[in-house]
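Hi there,

Here is the structure I promised to pass on.

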Amino acid sequence: MSKTNALFHVVINTYCRRMTIPEEHKRELYKYIFGIIRQKNCELIRMNGIGNHIHMLINLHPTVAPANLMQNIKQSSSIWLKSNGNYPRFEGWGREYFAFSLAQQDSGSLVNYIVNQEAHHRGHSFEDEISEICKREAIEWNDNALT
């Protein structure tokens, strides 16, 4: 059997980056997304975020393309969120997502970063955060991509 280690830091944001995921119900959403990831034979290492975006560290199964997994997560969770009364302001996910590969030795610091999202965002906006990540990863930043 083939063995792979395909770690990805993935970030998705809500439509127009609006704060539509209530803090008191975000764990329900995370459980739902975890089920999708597990169903695709991928491993969720850590997930957290705030009301307008989610960070995930995922080890992709070798048969799963990042684009297909993200399409499945966003489509399925959007339907679920809109039908669930705990998310009355949710309008949808942004068009795009951000995915960055990383080495195993970098996963520990990323896990800590994801765990501490609430504290991180007391002083940084999502726009500043994703701009910094894109600059570090040498990906062109386009603020319009976040709608």
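**Cysteines, a helix and a pocket**

C42 is buried, at 9% relative accessible area (buried is under 20%, exposed over 50% and partly exposed in between, with a 1.4 Å probe and protein chains only). C16, at 25%, counts as partly exposed. The structure holds 0 disulfides (pairs of cysteine sulfur atoms within 2.5 Å). For C16, the closest cysteine sulfur is that of C134, 18 Å away and too far for a bond.

Before going further: this is a predicted model, where local features need pLDDT of at least 70 and side-chain atom pairs count only at pLDDT 80 or more, while totals for chains, interfaces and linings use all residues. Residues are numbered from 1 along each chain as its sequence is written, and side-chain values use heavy atoms, without hydrogens and water.

Now to helix α3, residues 107-115, where S107, L110, V111 and I114 are buried (helices are DSSP runs of H or I with at least four residues, strands of E with at least two, numbered from the N terminus). These four cover an arc of only 105° around the axis, which puts them on the same side of α3 (the arc is taken from the directions from the helix axis to the C-beta atoms).

Lastly, the lining of the largest pocket divides into 5 nonpolar, 3 polar and 5 charged residues (Ala, Val, Leu, Ile, Met, Phe, Trp, Tyr, Cys and Pro are nonpolar, Asp, Glu, Lys and Arg charged, and the others, Gly among them, polar).

Best wishes
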